[in-house]
2 protein chains.
Amino acid sequence: MAREAGRDRAALIAIDWGTTSFRAYRLDAHGAVVDSRSAPKGILSVAPGGFPAVLEAQIGDWLGDAPVVMSGMVGSRQGWMEAPYVPCPAGLDEIASALLEVRKGVWIVPGVSCRDESGVPDVMRGEETQVLGAERSGLFCLPGTHSKWVEVRNGRIERFSTYMTGELYALLRQHSLLGRMMEEGKPADARAFSEGVARSAEPGGLLHHLFGVRTRALMGELHAAAAPSYLSGLLIGHELRSSRAREILIIGEPALAERYREAAAALGIESELLEPTCGTRALFRLGRR
Amino acid sequence: MAREAGRDRAALIAIDWGTTSFRAYRLDAHGAVVDSRSAPKGILSVAPGGFPAVLEAQIGDWLGDAPVVMSGMVGSRQGWMEAPYVPCPAGLDEIASALLEVRKGVWIVPGVSCRDESGVPDVMRGEETQVLGAERSGLFCLPGTHSKWVEVRNGRIERFSTYMTGELYALLRQHSLLGRMMEEGKPADARAFSEGVARSAEPGGLLHHLFGVRTRALMGELHAAAAPSYLSGLLIGHELRSSRAREILIIGEPALAERYREAAAALGIESELLEPTCGTRALFRLGRR
């Protein structure tokens, strides 16, 4: 029923097609989501040349009545087609003028690139629509496998930095000596998490602090079931401290965003949690251009 | 021939029995090495209870004519028998009084433990004999899977810190997204290594710098064959910077020690390379007590 109602009013189909998942939204003339679908059909699961067929299979019945705007890794070298990065500073105007039409009425949003003061490049794909959709100025933190820190001023991304926090956390749990002494599948341990955050502010650096996960466990001062939370706090603490931020806007999966909020509070950083779905708003505005 | 000559003069058998390798030395009455053997028979390859048999198999023909002193992970919970850690400050006297006799004439050297100013524990097994054998005061750096930084004053270990540098390097090469874009088996790239070291001194922190390995490669600014060297420089640079050292003594496998020396020079840290085999000297002195 909802879908039929949505069908009548669709003005745009917005798609967030990332590394591991595919999420599609039908938007009405006001940009409101009237229907959505998601599937574990991230670009890593799609063979080269297979993207049009996956799109058909997922939302074939939606196609034809509205333009489709897709953001995320679908525009990477491993995606449907590579959409070259738009350099910072970049707002919706710069991004809109670089949309890539991959078939009639189907557009890919380019990623954004920047260089830090030392000239080292950084890139993102997908997060730009999330931060621009929030329609706020400030320093955004988007936690994840590769956390993005994005500075937005007056509707334009000025610069950003990526942190490998989530990937390193997974690597250390799955493959390191630390992982071998951890008990998995237990609920998060709030105390161990905050001990990890506090540790990140002490001397020694991350490479040394990581070894402390092992030694504290060895000495019976950190329980195997609490060790993943301690490690998480340690890594998130180091990320937050490296950012040198005082005030941040967090967009992310709710449980993870909440952990960042707690860690930020412990480190004296003010934070505000934003809705994680604000990306459709930017896609809607891009689609109208 | 050399072995027969050595046989006559053996005063002590010194063994460095670590996680992945077994190294045995026959020492004469002056502590000089007259014969040595090594095998990839680290404690990880020995089943519980299998240690006496491995010792027999490796140096059975040496046994009986001199006491045996063993250091390293052989004294850990996963080794022959656990030799409890001696707390810092610890010199040869403290260590000698805690030697553990596991069978007649066969002794295990205990490891050393300490706590940093925040009370977080740290431990080592084997490195203590290397630094005490050097008979020098100073800040020692022993690079490796778990690099040890050891402060020695007047023959005693005052404190030390462990860095997970080597393990993280291996993890990132083997299991991370960064590893996927690296070409393996190429010679070290000196320029990429020093770029990595220089990067470690820039703002952003390690979690951010790691992502730069990917983005520089993505942008064609770092060749796949040079990426391992850049990553190595980045990690070693972060370790050296975290230590806040000005002057260090390096003991390690020659190629790795040389990389640390180069990185230290680039970061304005004075360093001196010491012979990596000085551990037998301390074992000799321990054996005489």
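How far apart do the C-alpha centres of domain 1 of chain A and domain 2 of chain A lie? They lie 33 Å apart, and the bounds of the two domains, tabulated here, come from an automatic or database domain assignment.

| Domain of chain A | Residues |
|---|---|
| domain 1 | 2–115 |
| domain 2 | 165–274 |

This is a predicted model, in which local features need pLDDT of at least 70 and side-chain atom pairs count only at pLDDT 80 or more, while totals for chains, interfaces and linings use all residues. Residues are numbered from 1 along each chain as its sequence is written, and chains are lettered from A in the order in which they are written.

Between the chains, 34 residues of chain B are in contact with 34 residues of chain A, contact requiring C-beta atoms, placed from the backbone, within 7 Å. Among the elements of chain B that each supply at least two residues to this side are β13 (156–163) and α9 (227–243), whereas α8(B) gives the most, with 10 residues.

In helix α5 (165–175) of chain A, Thr165(A), Glu167(A), Leu168(A), Leu171(A) and Leu172(A) are buried, that is, 20 or more other C-beta atoms lie within 10 Å of their own, with C-beta atoms placed from the backbone. Helices are DSSP runs (H or I, at least four residues), as are strands (E, at least two), numbered from the N terminus. Seen down the axis of α5(A), the buried residues fall within an arc of 160 degrees, taken from the directions from the helix axis to the C-beta atoms, so they line one face of the helix.

Terms used
Two residues are in contact if their C-beta atoms, placed from the backbone, lie within 7 Å. A residue is buried if 20 or more other C-beta atoms lie within 10 Å of its own, exposed if 12 or fewer, and partly exposed in between; C-beta atoms are placed from the backbone.
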